[in-house]
Amino acid sequence: MILTLPEICLLSALAFCLFVQLYYVLFVHLKLAKVAVEDTPDSIKSPVSVIICARNEINNLEKYLPSILNQHYPEFEVIVVNDRSWDGTEEFLEELEKKHLNLKIVKVLDNDKFIAGKKFAVTMGIKAAKYDWLVFTDADCSPESENWLKYMQQPSDDNIEIVLGYSPYLKKGSLLNALIRFETFFTAVNYLSFALKSMPYMGVGRNMAYKKALFFKNKGFAAHMHIPSGDDDLFVNAHATANNTEIRINKNSHVWSEPNLTWAGYLRQKKRHFGAGKFYKFRHKFILSLQIIFQFLFYVIFASCMFFSMEAKYVAGGILFLSILIRCMVYPKLLNRLNYRDLRWWFPILDILLFFFLTLNGFLSLFGKKKVNWK
């Protein structure tokens with residue numbers, strides 16, 4: 001087999017991209033696959049405040065709020081922030097409040113003096129909370145078990161101020177749904193794995209917790225109040241450290257969420273997330289950008305190899321096969337741990353589809369006006 005100099009250079013670049021990919025697979029993500037899953041907590045530390053922000057979410061509140069109000073936890077409150085809803089949410093919550101003494105309603109009213117958004121609603125909920133530890137989720141979310149709060153309660157180490165949980169999306173049986181769940185899986189694998197490597201950089205507001213004192217000590221969302229999104233990931237990015245953050249991956253700690261049902265809705269959601277990511281700390285943007293860039297280059301270079309000799313195609317195919325083989329040793333276990341077992345046989349195909357979709361979305365996110373409305 002004789003390769004030309006351009007082919008050797010191209011294949012060397014492909015191999016280097018694989019080498020970079022394997023750093024993330026074997027030295028970051030594998031850590032999450034190997035870490036012991038936490039047991040059910042033996043004791044309850046102290047009361048917690050659950051905060052949910054809702055804007056025209058009556059259908060989801062009717063469906064999911066009871067599972068949160070009926071958690072097996074000795075003392076907790078559920079604060080629902082009704083952000084200017086007009087769909088009957090207010091009437092529903094007032095009736096439910098009569099039946100549940102631990103339900104507290106906070107109303108955000110129309111006011112021309114400010115532009116309200118989710119961060120304002122979250123801040124109102126935090127101010128109304130009477131306990132120091134705050135657990136966050138959304139109106140369209142349902143805990144995996146009645147012991148969810150036991151896992152998301154404050155840990156035994158008093159230095160811990162942030163607990164990062166995991167929130168998978170419900171299965172709906174479509175290509176879009178598979179793509180959404182796969183993207184959520186890789187996002188979770190990334191932020192949970194890096195947290196284990198003492199570099200926490202984000203969390204998801206559907207399932208996370210932190211101390212009220214931490215919020216006010218750092219003046220809440222003041223540093224990025226002008227950004228529509230980021231009430232969860234930007235706050236964690238700014239204040240999480242190697243010593244004050246823990247993760248929860250036990251299946252009983254998971255919170256299920258309703259996925260987008262349309263491509264347009266999913267694109268809007270990812271556009272908001274893309275906008276927040278630009279404000280991460282430099283070191284986080286750098287390492288995440290490297291991950292995306294080298295994944296992009298890997299597929300581009302592999303496609304370029306298909307225009308060269310048969311020998312070059314064979315070598316490129318071997319490198320691609322090695323990449324898939326190594327990932328097959330890591331990701332199926334993670335898919336099982338993170339409640340996406342049904343996707344384990346499809347991840348090489350979904351990986352390629354997700355890459356092209358996110359590349360397109362990243363390009364589209366560079367254009368268009370920013371919106372502050374979160375619903």
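Strand β6 (residues 162-164) and strand β8 pair in the parallel sense, over three bridges. The model is predicted.

- Isoleucine 162 has threonine 245 of β8 as its bridge partner.
- β6 and β8 belong to an open sheet of seven strands, in the order β3-β2-β1-β4-β7-β6-β8. Pairing in this sheet is mixed.
- The edge strands are β3 (103-108) and β8 (245-247). Each of them pairs on one side only.
- On average, neighbouring strands of the sheet are turned by 20° against each other, direction ignored.
- Helix α3 (residues 89-99) packs on the sheet and touches β2 (76-83) and β3. The direction of α3 makes about 155° with that of β3.
- In general, strands of a sheet pair through backbone hydrogen bonds, either parallel or antiparallel.

**Helices α1 and α11**

- Helix α1 (residues 5-34) and helix α11 (residues 310-328) have axes that come within 10 Å and cross at roughly 0°. The two helices are therefore roughly parallel to each other.
- On the α1 side, the contact includes Glu7, Leu11, Leu14, Gln21 and Leu26. On the α11 side, Ala312, Val315, Ile319, Ser323 and Arg327 are among the residues involved.
- The residues of this contact divide into 13 nonpolar, two polar and two charged.
- Leucine 26 is found in α1. Its relative accessible area is 33%, so leucine 26 is partly exposed.
- Leaving aside residues up to four places away in sequence, leucine 26 touches Ile326 and Val330.
- Leucine 26 and valine 330 are 304 residues apart along the chain, yet their C-alpha atoms are separated by 8.0 Å.

**Aromatic pairs**

- The structure holds 23 aromatic pairs.
- Phenylalanine 136 and tyrosine 210 form a tilted pair, 4.7 Å centre to centre, with 35° between the planes. Phenylalanine 136 lies in strand β4 (residues 133-138) and tyrosine 210 in strand β7 (residues 208-211), so the pair ties together parts that are 74 residues apart in sequence. Both residues are buried.
- Phenylalanine 221 and phenylalanine 235 form an edge-to-face pair, 6.0 Å centre to centre, with 80° between the planes. Phenylalanine 221 lies in the loop between α7 (212-217) and α8 (233-239), and phenylalanine 235 lies in α8, so this pair ties together parts that are 14 residues apart in sequence.
- Phenylalanine 221 counts as buried, at 2% relative accessibility. Phenylalanine 235 is buried too, with a relative accessible area of 0%.
- Ring pairs also link Tyr23, Tyr24, Phe27, Phe194, Tyr201 and Tyr280 into a cluster.

Terms used: Residues numbered from 1 in each chain as written. Predicted model: local features only at pLDDT ≥ 70, side-chain atom pairs only at ≥ 80, totals over all residues. Heavy atoms only, no water. Axes fitted to C-alpha atoms, helices over the stretch in contact; angles between N-to-C directions. Helix = DSSP H or I, 4+ residues; strand = E, 2+ residues; numbered from the N terminus. Parallel < 35°, antiparallel > 145°, perpendicular 65-115°, else oblique. Contact = heavy atoms within 4.5 Å. Nonpolar A, V, L, I, M, F, W, Y, C, P; charged D, E, K, R; others polar. Buried < 20%, exposed > 50% of the residue type's maximum accessible area, 1.4 Å probe, protein only. Pairing = 2+ DSSP bridges. Phe/Tyr/Trp six-rings, centres within 6.5 Å; stacked < 30°, edge-to-face > 60°.
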